[in-house]
Amino acid sequence: MTKEVVVKRFYPVVVVLLALAVAVPSFAAPMPSKTAANQSLDSRAADLALVRDVAANGEVAKVLVARGFTQDEVNQRLAQLSPQDLHQLAQNLDSLQAAGLTRQEWIWVGLGALAALILVIAIG
């Protein structure tokens, strides 16, 4: 078989694999609208304390320091948040995802790399 025949033969396979690689599912979650317009001072203080506790967490604090933020700067910026943003952040702390790829995303990347390797071996 000539190289052109091999390329023509595997062209649909390459197109399908690329389409699958592009179609990786989205991991975005819906966010609730801002609902804390009439938030009390006690509620704001509770939200602020909760967010500051998370920001003071060992791993989170290390990342913030690595990004050039001191604990005082973090606390100052948190205090500047609007009541709505602070309440929304406090309510959604459990659903926040750290930067980087999730395990499932790494699996998709690995499958794509494996498919590309198989194609290179099959064509070459």
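Biologist: Where is the place of L93?
Modeller: In this predicted model, L93 sits in the loop between α5 and α6, the helix of residues 103-123.

Biologist: Why is L93 called buried?
Modeller: Buried means under 20% relative accessible area. L93 has 17% relative accessibility, so L93 counts as buried.

Biologist: What is L93 in contact with, leaving aside its neighbours within four places in sequence?
Modeller: With L50, V51 and V54. Contact means heavy atoms within 4.5 Å. Take L50: L93 and L50 are 43 residues apart in sequence. In space, their C-alpha atoms are 9.1 Å apart.

Biologist: V51 belongs to α2. Which residues of α2 are buried?
Modeller: R44, D47, L48, V51 and A55.

Biologist: How do you know that these buried residues line one face of α2?
Modeller: Look down the axis of α2. The buried residues fall within an arc of 100 degrees, so they line one face of the helix. An α-helix has 3.6 residues a turn, so residues three or four places apart point the same way.

Biologist: What does the face of α2 turned away from its buried side carry?
Modeller: The exposed residues D42 and D53. Exposed means over 50% relative accessible area.

Biologist: What covers the buried residues of α2?
Modeller: The cover includes α3 (58-66), α4 (71-79) and α5 (83-91).

Biologist: What makes the span of α2 close to the expected one?
Modeller: Helix α2 runs from residue 41 to 55 and has 15 residues. The expected span is 1.5 Å times one less than the number of residues. For α2 that gives 21 Å, and the helix reaches 21 Å from its first C-alpha to its last.

Biologist: Which residues of α5 are buried, and what covers them?
Modeller: L86, H87, Q88 and A90 are buried in α5. Their cover includes α2 and α4.

Biologist: Now to helix α6, where L117 has its place. Why is L117 called partly exposed?
Modeller: The cut-offs are again 20% and 50%. L117 has a relative accessible area of 49%, so L117 is partly exposed.

Biologist: What makes the nonpolar surface patch that includes L117?
Modeller: I107, W108, L111, L114, L117, I118 and I121 make the patch, which is about 700 Å². A patch residue needs over 30% relative accessible area and no salt bridge. The 49% of L117 passes the area cut-off.

Biologist: What pattern does the chain follow along the sequence?
Modeller: The pattern is α-α-α-α-α-α. That comes to six helices and zero strands.

Biologist: How much of the chain is buried?
Modeller: Of the 124 residues, 16% are buried. The accessible surface comes to about 9600 Å², and 63% of that belongs to carbon and sulfur atoms.

Conventions
Residues numbered from 1 in each chain as written. Predicted model: local features only at pLDDT ≥ 70, side-chain atom pairs only at ≥ 80, totals over all residues. Heavy atoms only, no water. Helix = DSSP H or I, 4+ residues; strand = E, 2+ residues; numbered from the N terminus. Buried < 20%, exposed > 50% of the residue type's maximum accessible area, 1.4 Å probe, protein only. Areas by Shrake-Rupley, 256 points an atom, 1.4 Å probe, with all protein chains shown as cover. Arc of directions from axis to C-beta. Patch = residues over 30% accessible without salt bridge, like charges linked within 9 Å, V, L, I, M, F, W, Y side chains within 5 Å. Salt bridge = Lys/Arg side-chain N within 4 Å of Asp/Glu carboxyl O.
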